[in-house]
Amino acid sequence: MSVRGAAFLGIGAMVGAGIFALLGEAGAIAGSAVWLSFLIAGIVAALLGYTVVKLGVRYPSSGGLITYLMQGFGNGRLVGIASWLGYFTAIVIVTAMVAVAFGSYASSLFIGDDAASGWNNVFASAVVLGALGVNMIGTRFVDRAQSAIVAILLAVFAVFIAVTLVDIDFDLLAVSGYPSFSTIVASVALTFFAYLGFSVITFAVGDLADPARQLPKAMYLALGVTATTYILISLGVFGTLTVDEVVGYGETAIAEAARPSLGEAG
C-alpha cells in the first residue's frame with residue numbers, strides 16, 4: 001500500500017457526516033470561533049497521531065489501540081473495560097451522530113422542511129440498517145463503498161467551500177464576537193469527535209514497504225487534509241450564517257449556508 005492509500009484510509013475513517021452534526025453543537029459553545037476549535041482539536045489529534053505511529057511501527061497489528069494496551073497492561077480486566085469504553089465512544093456515539101445527521105438531511109430532502117420529526121428516525125434507522133447490510137456483504141465491498149463515498153463527500157465539501165468562501169462575511173467572524181479562550185478550548189471536547197478514527201491508519205502498517213518512513217507521512221497527510229477541510233467548512237458556515245442560525249439549523253446548517261449560492265446557481 002502506498003502512503004496515499006494509507007492516508008485515504010484514515011481520511012475515510014475521519015471525514016463523514018459527523019461534521020454536519022457537530023457544527024451546531026460546537027457553535028452553541030464556541031460561537032463563530034468553531035474553526036479555531038477544530039484547529040486545536042486537529043493539533044491534539046496530531047500529537048496523539050505521533051504516539052500511535054510510534055506504537056504502530058513497534059507493534060504492527062490490525063488490533064490498533066487495543067494491541068498497544070495489551071502490550072502495556074496485559075490481557076486483563078483493565079484492557080477489557082478500556083476496549084468497551086473505546087467501542088462505545090468511537091462506534092456507538094459517532095454512528096448515532098452520523099445517523100441523526102443523515103436523518104435530518106434526508107427528511108428535509110425527501111419529505112420537506114415541515115416534515116414530522118418521526119421521519120428523521122425513519123431515515124436514521126434506514127442508514128444504520130443499510131450500513132449493516134454493506135458490512136455483511138464482505139470487506140472488499142466495504143472498502144470499495146467507503147472509497148466511493150469518501151471521494152464523493154470530499155468533492156461535495158470542495159464545492160461547498162468554494163461557493164461559501166467567495167461570498168464570506170468577515171463581520172460574522174470578527175474576533176470581537178468570540179467567547180473566552182477557555183470556552184473555545186472547552187468546545188474541543190466536541191470537535192475532537194470529528195477526528196476519531198485516525199488510528200486506523202496503523203492497520204495498514206503490514207502493507208507498507210517502509211512503515212517507519214511511510215506511516216508518519218500517511219498519518220499527517222490524513223490529519224492535514226481532514227483538519228483543513230473542517231476549518232474551511234467552519235469558516236464557510238459561520239461566515240455565511242449567524243451563530244444563532246447555525247445552532248437553530250443544527251444538522252442542516254451546511255445546506256443552509258450553501259443555499260444562497262447554490263440555490264441561485266440552480
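A: Begin with burial: a residue is buried under 20% relative accessible area, exposed over 50%, and partly exposed in between, with a 1.4 Å probe and protein chains only. This is a predicted model, in which local features need pLDDT of at least 70 and side-chain atom pairs count only at pLDDT 80 or more, while totals for chains, interfaces and linings use all residues. Residues are numbered from 1 along each chain as its sequence is written, and side-chain values use heavy atoms, leaving out hydrogens and water.

Q: Is Val122 buried, exposed or partly exposed?
A: Val122 has a relative accessible area of 45%, so the residue counts as partly exposed. Of the 266 residues of the protein chain, 38% count as buried.

Q: What secondary structure does the protein chain have?
A: Helices (H or I, at least four residues) and strands (E, at least two) are DSSP runs, numbered from the N terminus. The protein chain has eleven helices and zero strands. Val122, for one, lies in helix H6.

Q: Which residues make the nonpolar surface patch?
A: Patches take residues with over 30% relative accessible area and no salt bridge; nonpolar side chains (Val, Leu, Ile, Met, Phe, Trp, Tyr) are joined within 5 Å, like charges within 9 Å. Accessible areas come from the Shrake-Rupley method with a 1.4 Å probe, and for residues only the protein chains shown count as cover. Here Leu109, Phe110, Ile111, Trp119 and Val122 make a nonpolar patch of about 530 Å². Helix H5 (77-110) and helix H6 (117-137) each supply at least two of the patch residues. The accessible surface of the protein chain is about 13,800 Å², and 67% of this belongs to carbon and sulfur atoms.

Q: How many salt bridges are found in the whole structure?
A: Side chains of opposite charge can pair when their charged atoms come close. The cut-off for a salt bridge is a side-chain nitrogen of Lys or Arg within 4 Å of a carboxyl oxygen of Asp or Glu. A search of the whole structure gives one. Asp210 pairs with Arg213, and their closest N and O atoms are 3.3 Å apart. Asp210 is partly exposed at 32% relative accessible area, and Arg213 is partly exposed at 45%.

Q: At what angle do H3 and H8 pack?
A: Axes are lines fitted to C-alpha atoms, for helices over the stretch in contact, and angles run from 0 to 180 degrees between N-to-C directions. H3 and H8 pack at about 65°, with axes 8 Å apart. A crossing is left-handed if the near helix is turned anticlockwise from the far one by less than a right angle, and right-handed if clockwise. The crossing of H3 and H8 is right-handed.

Q: What does Ser187 touch?
A: Contact means heavy atoms within 4.5 Å. Ser187 is in helix H8 (residues 181-191) and is buried, because its relative accessibility is 0%. Not counting residues up to four places away in sequence, Ser187 touches Ala26, Ile29, Ala30 and Ser37. Ser187 is also one of the H8 residues that meet H3.

Q: Which residues is Leu48 in contact with?
A: Leu48, in helix H3 (residues 34-58), is in contact with Phe192 and Phe198, leaving aside neighbours within four places in sequence. Leu48 and Phe198 are 150 residues apart along the chain, and their C-alpha atoms are separated by 9.3 Å.
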